[in-house]
Amino acid sequence: MTAPENTYALILAGGSGTRFWPLSRNDKPKQLLDLFGTGTLLEQTIHRLEGLVPLENILILTNALQVEAVRSVASMLPAENIFAEPAKRDTAPAVALGIGLIAARNPEAIMMVLPADQLIKDTPAYQSVMADAIEVASGSDGLVTIGIRPTWACPSYGYIERGGKASIPGIDCQHPPFEVKRFREKPNPELAEQFLAAGGFSWNAGMFVWSIPTVIRQLAIHSPELGTFVSELRKSDDLEATVAAQFPKLTPTSIDYALMENADRVLNIEATFDWDDVGSWVSIAKYLKEEGNNNRVNCGISEIDSENNIVFNATPDTHIALLGVDDLIVVKTGDSILIANRHQADAIKKLSDILPENLL
């Protein structure tokens with residue numbers, strides 16, 4: 001596959017390191033960890049773009065705490081393609097910054113927006129879907145979203161409600177786009193069950209594809225503050241100074257709320273590739289080897305009468321033994337040990353409120 005020169009990718013690689021403590025830290029969140037022995041999630045995100053996007057057209061947004069680690073992981077990219085946001089402002093300002101940076105390079109570009117922290121193993125299927133999304137974005141006035149077919153009634157994801165099949169003259173792709181009726185916020189469990197039973201809903205994975213002219217028009221209409229910011233970036237003689245001065249003033253909000261929920265036309269292509277946002281240690285567990293009675297581990301352990309435990313040992317000179325314990329998460333690093341109830345995995349991030357500063 002030959003990468004089209006007009007295609008760009010913006011990878012969002014910020015975030016905090018609270019859900020996977022103690023392995024993750026503020027300067028080393030999930031996307032910078034090698035959780036599966038196959039490279040970091042950020043590396044995998046970049047490698048999946050081979051043939052879709054030239055390396056010189058891949059941009060990464062991160063923050064000041066993580067920028068050096070990102071540069072080390074993404075050393076295959078030009079150093080000037082990795083940017084640290086000067087302030088934390090949520091996804092809408094971050095995406096607007098990426099739009100402005102890409103528009104300054106190529107005002108007719110097709111742009112992909114991709115999170116850096118998702119696990120996708122089937123690269124050929126991924127590239128097939130994304131190639132169709134690029135074609136649809138190139139030949140229409142729509143903002144394209146990639147949706148994930150729900151496998152269960154998850155209340156932790158936003159949902160996309162699809163309408164009819166989209167009519168786009170001259171477009172005949174393997175993965176047809178559908179008109180989007182509306183975006184639905186994270187539902188309660190009962191409403192999530194209704195979505196699943198109804199069909200026609202996708203999980204919102206935060207992956208978007210659009211043409212620069214189209215997204216700039218939509219920002220001008222539906223999010224004038226961000227539209228003005230993008231315009232200032234496009235005409236700036238000093239991008240770094242403009243970003244430093246203007247970005248911290250932007251209203252913190254999500255790209256869904258600022259643009260996607262209100263845009264004139266949004267199209268949805270449902271993914272045919274595997275997808276996991278690996279949001280907690282419990283999510284990681286299913287990719288680890290099984291030891292004993294459903295213990296999931298990344299290392300050798302000794303165990304007696306113990307089941308349903310998750311053990312992740314980042315210190316090869318340490319051995320972990322379990323005796324008569326169930327449903328634990330045990331994570332060992334060089335300076336910390338986590339022992340938690342696996343049913344409270346989502347609450348691990350709360351530890352950041354009480355941990356010593358040097359362990360965050």
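**Loop positions, ring pairs and overall fold**

Pro22 is found in the loop between E1 and H1. In this predicted model, the peptide bond that joins Trp21 and Pro22 is cis, with omega at about 10°. Most peptide bonds are trans. Arg19 is also placed in the loop between strand E1 (7-12) and helix H1 (41-47). The relative accessible area of Arg19 is 34%, so this residue is partly exposed, a class that lies between the limits of 20% and 50%. Apart from neighbours within four places in sequence, the contacts of Arg19 are Gly279, Trp281, Asp346, Ile348 and Lys349. Arg19 and Asp34 are 15 residues apart along the chain, and their C-alpha atoms are separated by 15 Å. Trp281, one of the contacts of Arg19, also belongs to a cluster in which ring pairs link Phe20, Trp281 and Phe312.

As a whole, the protein has ten helices and 16 strands. The radius of gyration is 21 Å, close to the 21 Å that the globule rule gives for 360 residues, so the protein is as compact as a globular protein of that length. The C-alpha trace spans about 65 × 50 × 40 Å along the principal axes. Of the 360 residues, 53% are buried. Among contacts with a separation of 6 or more, 67% are made by residues 24 or more positions apart. The accessible surface comes to about 16,000 Å², and carbon and sulfur atoms account for 49% of this area.

Aromatic pairs were searched for over the whole structure, and eleven were found. In one of them, the ring centres of Tyr157 and Trp275 are 5.5 Å apart and the planes stand at 70°, so the pair is edge-to-face. This pair links distant parts of the chain, since its two members are 118 residues apart. Tyr157 is in the loop between strand E5 (143-148) and strand E6 (159-165), whereas Trp275 is in the loop between strand E9 (266-270) and helix H10 (281-285). Tyr157 has a relative accessible area of 15% and is therefore buried, the limit being 20%. Trp275 is likewise buried, with a relative accessible area of 14%. The rings of Phe229 and Phe247 form a further pair, with centres 6.2 Å apart and planes at 55°, so this pair is tilted. Distant parts of the chain are linked here as well, with Phe229 in helix H7 (residues 224-235) and Phe247 in the loop between helix H8 (239-246) and helix H9 (255-260), 18 residues apart. Phe229 and Phe247 are both buried.

Helix H6 (residues 212-222) has the buried residues Ile212, Thr214, Val215, Ile216, Gln218 and Leu219. An α-helix has 3.6 residues a turn, so residues three or four places apart point the same way. The elements against which the buried residues of H6 pack are helix H3 (91-105), strand E4 (110-115), E5, strand E8 (201-211), H7 and H9.

Strand E4 also holds Pro115. This proline is buried, with a relative accessible area of 15%. Leaving out neighbours within four places in sequence, Pro115 is in contact with Leu12, Thr45, Ala205, Gly206 and Met207. Between Pro115 and Ala198, which are 83 residues apart in sequence, the C-alpha to C-alpha distance is 28 Å.

Positive phi values were examined next. Most residues other than glycine have a negative phi. Asn294 has a positive phi, near 60°, and lies in the loop between strand E10 (289-291) and strand E11 (295-297). With a relative accessible area of 28%, Asn294 is partly exposed. Asp305 also has a positive phi, near 50°. The loop that holds Asp305 runs between strand E12 (301-304) and strand E13 (310-313). The relative accessibility of Asp305 is 65%, and since exposed means over 50%, this residue counts as exposed.

Note on methods. Residues are numbered from 1 along each chain as its sequence is written. This is a predicted model: local features need pLDDT of at least 70, side-chain atom pairs count only at pLDDT 80 or more; totals for chains, interfaces and linings use all residues. Side-chain values use heavy atoms; hydrogens and water are left out. Helices (H or I, at least four residues) and strands (E, at least two) are DSSP runs, numbered from the N terminus. The radius of gyration is taken over C-alpha atoms; the globule rule is 2.2 Å times the number of residues to the power 0.38. Buried means under 20% relative accessible area, exposed over 50%, partly exposed in between (1.4 Å probe, protein chains only). Contact means heavy atoms within 4.5 Å. Accessible areas come from the Shrake-Rupley method with a 1.4 Å probe; for residues, only the protein chains shown count as cover. Rings of Phe, Tyr and Trp (its six-membered ring) pair if their centres lie within 6.5 Å; planes under 30 degrees apart count as stacked, over 60 as edge-to-face and the rest as tilted.
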